[in-house]
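Visitor: I would like to see how the labels on this model follow from the numbers. Please show it to me.

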Amino acid sequence: MKPAHPSFFVLIALIGGLAIFSSTLSKTPVLPLFAHALQATPAEIGWIVMASTIPGILISYPAGALSDYLGARRLLLASLVVFATAPFLYLLVKTAPQLMAVRFYHGFATAIFGTVANAAIAERYTTERAARLSTYSSVTIVGRSIAPFLGGSLISLASFHAVYIACAISGVLALAAGLLLKDHTPGPKAKLELPRFWASLTTVLRDRSIMLVSLIESAQYLVFGAIEAFLALFAASLGIPAWQIGVILGVQLVSIVFVKPLMGRISDRVGRKQVIIPGLLVGAASIVLLPYAPSFFGLSVLSLAFGIGFATVTSSTTALVADLTRNGRYGSSMGVLRTVMDVGQSIGPVLTGFMVGVAGYGSAFTLLAAILVLAALMLGLLLRAGGKVAPDQL
């Protein structure tokens with residue numbers, strides 16, 4: 001394997017920061033507020049939020065597997081074209097179904113980019129994998145963290161359209177930077193044959209360890225997707241203005257920027273389990289307390305705590321899947337992880353929207369907390385029972 005070029009990590013992190021900033025700005029906190037302005041019900045808002053995760057279920061594995069054979073550059077550029085074009089479509093939206101359709105198209109960008117970028121980093125950096133993946137993730141989360149503050153301010157000071165114009169600018173800049181990327185191995189790595197494609201998928205799906213970690217990640221993102229959509233609406237129902245809602249969601253993401261690289265390094269040293277389980281429990285505690293802190297300050301503190309728990313879990317899950325990957329199938333493994341994760345993230349908003357409509361925010365938040373506790377118990381009990389989850393890594 002050739003040594004990684006020093007500029008690759010900086011360039012992919014810059015592109016990721018711009019792309020994820022654009023993507024996050026298009027949804028946090030603007031998406032549920034925009035959908036509400038279009039007269040969408042809580043259940044419909046759940047479906048609108050879910051629409052962008054469906055492409056992840058459909059295309060994450062094929063994108064990852066293709067990157068193993070064709071190299072990362074082509075697929076990353078395809079995703080960046082979507083990042084650059086989707087924001088302009090929001091300017092044409094007049095109804096909730098139209099918004100759902102645009103979100104579906106936009107979802108292809110993050111589905112491809114997230115899978116392929118993580119696989120490319122995991123392939124290049126083997127000895128400090130969790131630290132590199134966590135640092136990359138945190139750089140992208142810098143963009144994700146700025147987005148709620150800017151989005152909330154633009155809504156308050158200008159309009160929803162101003163938010164999507166800012167999304168377009170960032171998406172176009174990401175595409176321009178992406179043109180500078182080069183593949184680790186020039187040209188196609190091998191001829192992609194359908195039997196080999198399915199064999200690679202079957203190998204990953206039969207690995208109980210990878211599937212268990214993917215389910216843990218899925219539970220975490222189920223809750224994250226639900227909180228991302230409905231914490232903004234919960235705050236709005238309390239009369240909190242849009243710019244403060246941006247702050248509430250923003251502090252959650254800022255915490256991830258600082259915590260995730262640290263927890264990635266700790267995970268490299270002490271093991272993945274010792275990081276994942278406490279993170280799940282911190283996230284559960286912060287969510288179940290949300291109905292008891294109906295103020296700007298209280299919601300900000302709990303949002304911050306949830307961000308810390310989320311960062312703690314996700315600093316180790318991606319690295320653990322890479323640790324468990326055999327025969328260099330990083331793209332395939334990351335594709336399966338991303339697919340299972342997107343299944344969870346797609347269920348979260350729909351489930352929460354239904355619960356909010358039927359039983360209110362308190363019951364919905366309690367259910368989300370219970371899911372995280374169940375994930376922690378599942379991982380802990382399976383390990384105690386002698387589960388096959390990489391004992392040398394955990």
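Visitor: Where is the place of Gln39?

Guide: Gln39 sits in the loop between α2 and α3 (42-51). Helices here are DSSP runs of H or I with at least four residues, numbered from the N terminus. A word on the source: this is a predicted model, where local features need pLDDT of at least 70, side-chain atom pairs count only at pLDDT 80 or more, and totals for chains, interfaces and linings use all residues. Residues are numbered from 1 along each chain as its sequence is written, and side-chain values use heavy atoms, with hydrogens and water left out.

Visitor: Why is Gln39 called exposed?

Guide: Its relative accessible area is 67%. Exposed means over 50%, buried under 20%, and partly exposed in between (1.4 Å probe, protein chains only). So Gln39 is exposed.

Visitor: What is the phi of Gln39?

Guide: Gln39 has a positive phi of about 70 degrees, although it is not a glycine. Most residues other than glycine have a negative phi.

Visitor: What is the omega of the cis peptide bond that joins Thr28 and Pro29?

Guide: Omega is about -5 degrees there. Most peptide bonds are trans. Pro29 lies in the loop between α1 (6-25) and α2 (30-37).

Visitor: What makes Lys27 and Glu228 a salt bridge?

Guide: Their side chains meet at 3.5 Å, N to O. The cut-off is a side-chain nitrogen of Lys or Arg within 4 Å of a carboxyl oxygen of Asp or Glu. The pair therefore qualifies. Lys27 lies in the loop between α1 and α2 and Glu228 in helix α10 (residues 208-237), so the pair ties together parts 201 residues apart in sequence. The structure holds one salt bridge.

Visitor: Are Lys27 and Glu228 buried or exposed?

Guide: Lys27 has 14% relative accessibility, so it counts as buried. Glu228 has 9%, so it counts as buried too.

Visitor: Why are α12 and α13 called roughly antiparallel?

Guide: Helix α12 (residues 273-288) and helix α13 (residues 296-324) pack at about 155 degrees, with axes 8 Å apart. Angles over 145 degrees count as roughly antiparallel, under 35 as roughly parallel, 65 to 115 as roughly perpendicular and the rest as oblique. Therefore α12 and α13 are roughly antiparallel.

Visitor: Why is Val343 called partly exposed?

Guide: Val343, found in helix α14, has a relative accessible area of 31%, so it is partly exposed.

Note on methods
Helix = DSSP H or I, 4+ residues; strand = E, 2+ residues; numbered from the N terminus. Axes fitted to C-alpha atoms, helices over the stretch in contact; angles between N-to-C directions.
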